[in-house]
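Here is a brief report on one protein model. Take a look at the chain before reading on.

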Amino acid sequence: ARPTDEAVKQAKILIIDRDEQVAELVGEHLLAHGFSDVQTAAESTSALSTIESLLPDLVLLDVRMKPVSGLEILDRMRRSDRMEHIPVIVLTNDNKEAVKVTALNLGANDILTKPVRSSELVSRVRNALSEKVYHDQLVAYSMQLESDVLQDELTGIANRRAFEYEI
């Protein structure tokens with residue numbers, strides 16, 4: 001089943017932008033539209049550790065950050081087992097195709113050009129979070145199915161398939 005609007009609205013969102021006012025404004029728009037867990041960060045040097053500790057369901061990431069660029073942060077996220085499945089919407093005030101293509105090639109899920117229109121922001125965030133919540137549900141179902149297949153349903157003890165699976 002597709003995720004409920006409630007599950008999407010409760011997802012954890014992290015906004016990383018060099019301009020704290022932009023991050024706060026984006027966060028306020030999301031909160032005004034019912035998203036309940038929105039956090040912001042402005043330091044590019046600590047962005048990866050912040051993402052890794054929070055493990056948000058979505059990252060809105062400014063491309064033009066210094067000293068570590070948003071593209072470098074995105075690249076490192078996609079190389080990390082813990083962060084590779086976190087959707088990223090890139091925020092940029094650069095309309096150049098090369099920047100957008102680079103972001104997409106590095107694994108950005110979407111791109112928004114600043115200044116961001118509230119209606120577009122909310123729709124794209126909702127879509128990205130719906131996919132993430134759905135992905136998480138599929139992973140949970142897969143793990144449950146694997147557990148069910150490897151255990152005897154009456155005793156709960158590992159069965160022959162579990163033994164073969166370990167070999």
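K114 and D62 join through their side chains in a salt bridge, with 3.3 Å from N to O. This pair ties together distant parts of the chain, 52 residues apart. K114 sits in the loop between β5 and α6 (118–150). D62 belongs to strand β3 (residues 58–62). The structure holds 13 salt bridges, counted on a predicted model.

## Overall layout

The model is predicted. Its secondary structure comprises 7 helices and 5 strands. Along the sequence they follow the pattern α-β-α-β-α-β-α-β-α-β-α-α. The C-alpha trace spans about 60 × 30 × 25 Å along its principal axes.

Strand β4 covers residues 88–92, and strand β5 covers residues 110–113. The two strands pair in the parallel sense, over 4 bridges. Within this pairing, T92 stands opposite T113 of β5.

K114, the salt-bridge partner of D62, lies in the loop between β5 and α6.

## A negative patch

Which residues form the negative surface patch? They are D19, E20, E24, E28 and E43. E43 is placed in the loop between β2 (37–41) and α3 (47–54).

Terms used: Residues are numbered from 1 along each chain as its sequence is written. This is a predicted model: local features need pLDDT of at least 70, side-chain atom pairs count only at pLDDT 80 or more; totals for chains, interfaces and linings use all residues. Side-chain values use heavy atoms; hydrogens and water are left out. Two strands pair if DSSP finds at least two bridges between them. Patches are made of residues with over 30% relative accessible area and no salt bridge: like charges are joined within 9 Å, nonpolar side chains (Val, Leu, Ile, Met, Phe, Trp, Tyr) within 5 Å. Accessible areas come from the Shrake-Rupley method with a 1.4 Å probe; for residues, only the protein chains shown count as cover. A salt bridge is a side-chain nitrogen of Lys or Arg within 4 Å of a carboxyl oxygen of Asp or Glu. Lys and Arg count as positive and Asp and Glu as negative; His and the chain ends are not counted. The place of a charge is taken as NZ of Lys, CZ of Arg, CG of Asp or CD of Glu.
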